[in-house]
Amino acid sequence: MKRNFIAYRLTFTTPLHIGDYKPFEYGTSQKYIHSDTIQSALMAVRAQYGLSIPEDGNSGFVISSLFPFINGASDDCTYFFPKPITGLPVLPEQVKSIKKVKKVSWLDGNYMAKLLSGENISDFGGVDCDHIRGNFLSR
């Protein structure tokens with residue numbers, strides 16, 4: 001089943017620290033902003049504007065965590081999604097690149113769509129896994 005969604009691209013003009021414990025604890029940082037953080041912020045804004053907050057917790061919308069993206073030409077963006085918990089498939093000829101594959105944390109939209117539709121995504125740009133750049137798998 002295909003679903004439509006709206007993507008809001010947040011860009012920051014100054015450095016951003018994403019903490020999760022203490023207000024002034026800068027020793028550790030999260031890699032992305034979790035959905036419950038955004039949901040709570042939106043409910044706080046509703047309250048500040050005097051709007052009611054649903055008692056059953058149903059806000060009328062679903063929100064995901066914030067994920068990285070790369071701006072392209074005009075309105076073209078490459079969106080990234082977290083690597084599935086099950087990991088990524090590795091072909092026998094890619095064994096020498098296993099460390100590179102294990103470091104992947106984010107898949108671009110093309111790889112994610114193929115993975116969700118059950119297609120084989122194990123080529124990673126050939127034997128040398130050229131589509132892997134740091135923690136990102138992208139064409």
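Mentor: Start with Asn110, which lies in helix H3 (residues 109-116). Keep in mind that the model is predicted.

Trainee: Why is Asn110 called partly exposed?
Mentor: Its relative accessible area is 47%. Buried needs under 20% and exposed over 50%.

Trainee: How far is Asn110 from Leu42 in sequence and in space?
Mentor: They are 68 residues apart in sequence, and 30 Å apart in space, C-alpha to C-alpha.

Trainee: Now the rings. How many aromatic pairs does a search of the whole structure find?
Mentor: Six. Take Tyr32 and Trp106 as one of them.

Trainee: What makes the pair of Tyr32 and Trp106 edge-to-face?
Mentor: The ring centres are 5.5 Å apart, within the 6.5 Å limit, so the rings pair. The planes stand at 80°, over the 60 degrees required, so the pair is edge-to-face.

Trainee: Which parts of the chain does the pair link?
Mentor: Distant ones: Tyr32 is in the segment before helix H1 (35-48), and Trp106 is in strand E3 (residues 106-108), 74 residues apart.

Trainee: Are Tyr32 and Trp106 buried or partly exposed?
Mentor: Trp106 has 7% relative accessibility, under 20%, so it counts as buried.

Trainee: Which residues do ring pairs link into a cluster?
Mentor: Tyr32, Phe67, Phe81 and Trp106.

Trainee: How do you know that the charged end of Arg139 sits over the ring of Tyr111?
Mentor: It is 4.6 Å from the ring centre, and the limit is 6 Å. The angle must also be within 35 degrees of the ring normal.

Definitions and conventions: Residues numbered from 1 in each chain as written. Predicted model: local features only at pLDDT ≥ 70, side-chain atom pairs only at ≥ 80, totals over all residues. Heavy atoms only, no water. Phe/Tyr/Trp six-rings, centres within 6.5 Å; stacked < 30°, edge-to-face > 60°. Helix = DSSP H or I, 4+ residues; strand = E, 2+ residues; numbered from the N terminus. Buried < 20%, exposed > 50% of the residue type's maximum accessible area, 1.4 Å probe, protein only.
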